[in-house]
Amino acid sequence: MNTPTLWLIRHGETDWTVSGQHTGRTDIPLTENGREQARGLKSRLADQAFDRVFCSPLQRARETCELAGFGAQAQMEPDLMEWDYGVYEGRTSADILKVEPGWSLWTSDIQNGENAEQVRTRVDRLLDRLLTQKGTIALFAHGHILRSLISMWMSNDVRLGENILLDTASVSVLGSQRGTQVLRKLNT
């Protein structure tokens, strides 16, 4: 099987990434620093040709994709949208833990949102489609969904994402070696 190489690109900084608020489906723009980070991706990705480019439809990912120079090539992919945090949208983990000690996005139920098993199903569906393609594919998206994608690629367990950190405007690369799906680069 010819496994594609997936380049995972997290969007640039937003006001809520600075404050640590969970930013799922709230469609907020990049900060000026986030725009600068996204423009910086252009030179970092200049030597890389992509056979396909997919992007979350949320504006922070779209703007990052455009400023990185791939907007014209990008296809919107709803399965790349960030987790739906439900009642936790806009709240920080510290604030949630004051009310719900032991709470974890990765193991707790998410009222009016997506739990880890629902995200696993969504990421699995996306990977099934991506694995039918060849070549090098760029995915512009969000921190938790990309962490989930890395987890599913490596271990088929979305909860591994709790142990992965992705900075804004970071690049990670998934590929294969001797028939095994591997993590080639993380958070560069």
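The axes of helix 5 (residues 116-130) and helix 6 (residues 143-155) come within 10 Å of each other and cross at roughly 70°. The model described here is a predicted one. Because angles of 65 to 115 degrees count as roughly perpendicular, helix 5 and helix 6 are classed as roughly perpendicular to each other. The crossing of helix 5 over helix 6 is right-handed. On the helix 5 side the contact is made by Val-119, Arg-120, Arg-122, Val-123, Asp-124, Leu-126 and Leu-127, which meet Ile-145, Ser-148, Leu-149, Met-152 and Trp-153 of helix 6. By class, the residues of this contact between helix 5 and helix 6 comprise eight nonpolar, one polar and three charged.

Asp-79 contacts residues of both of these helices. Asp-79 is placed in the loop between strand 3 (74-76) and helix 4 (93-99). With a relative accessible area of 8%, Asp-79 falls under the 20% limit and is therefore buried. Apart from neighbours within four places in sequence, the contacts of Asp-79 are Arg-122, Arg-125, Leu-126, Arg-129 and Ile-145. Among them, Arg-122, Leu-126 and Ile-145 also take part in the contact between helix 5 and helix 6. The side chains of Asp-79 and Arg-125 are joined by a polar contact of 2.6 Å. Asp-79 and Ser-56 are 23 residues apart along the chain, and their C-alpha atoms are separated by 7.3 Å.

Helix 2 passes helix 3 in a crossing that is right-handed. The contact of helix 2 with helix 3 includes three nonpolar residues, one polar residue and four charged residues.

Thr-64, in helix 3, is buried, with a relative accessible area of 1%. Excluding neighbours within four places in sequence, Thr-64 is in contact with Arg-10, His-11, Gly-12, Leu-30, Ala-38, Leu-41 and Phe-140.

Thr-31 is located in the loop between helix 1 (15-19) and helix 2. Thr-31 has a relative accessibility of 12% and counts as buried. When residues up to four places away in sequence are not counted, Thr-31 touches Glu-13, Thr-14 and Asp-15. The side chains of Thr-31 and Glu-13 are joined by a polar contact of 2.7 Å.

Leu-45 lies in the loop between helix 2 and strand 2 (52-55). At 2% relative accessibility, Leu-45 is counted as buried. Leu-45 touches Trp-7, Ile-9, Phe-50, Phe-70, Phe-140 and Val-171, again without residues up to four places away in sequence. One of these residues, Phe-140, is also in contact with Thr-64. Val-171 is 126 residues away from Leu-45 in sequence, with a C-alpha to C-alpha distance of 9.2 Å.

Two residues were examined for their backbone angles. Most residues other than glycine have a negative phi. Asn-156, which is not a glycine, has a positive phi near 60°. Ala-169 likewise is not a glycine and has a positive phi, of about 55°. Asn-156 is found in the loop between helix 6 and strand 5 (171-177), and Ala-169 is also placed in the loop between helix 6 and strand 5. As for accessibility, Asn-156 counts as partly exposed at 43%, whereas Ala-169 is buried, with a relative accessible area of 5%.

Notes. Residues numbered from 1 in each chain as written. Predicted model: local features only at pLDDT ≥ 70, side-chain atom pairs only at ≥ 80, totals over all residues. Heavy atoms only, no water. Left-handed = near helix turned anticlockwise from the far one by under 90°. Helix = DSSP H or I, 4+ residues; strand = E, 2+ residues; numbered from the N terminus. Nonpolar A, V, L, I, M, F, W, Y, C, P; charged D, E, K, R; others polar. Buried < 20%, exposed > 50% of the residue type's maximum accessible area, 1.4 Å probe, protein only. Polar contact = N/O pair within 3.5 Å; in protein donor to acceptor, adjacent residues only side chain to side chain. Contact = heavy atoms within 4.5 Å. Axes fitted to C-alpha atoms, helices over the stretch in contact; angles between N-to-C directions. Parallel < 35°, antiparallel > 145°, perpendicular 65-115°, else oblique.
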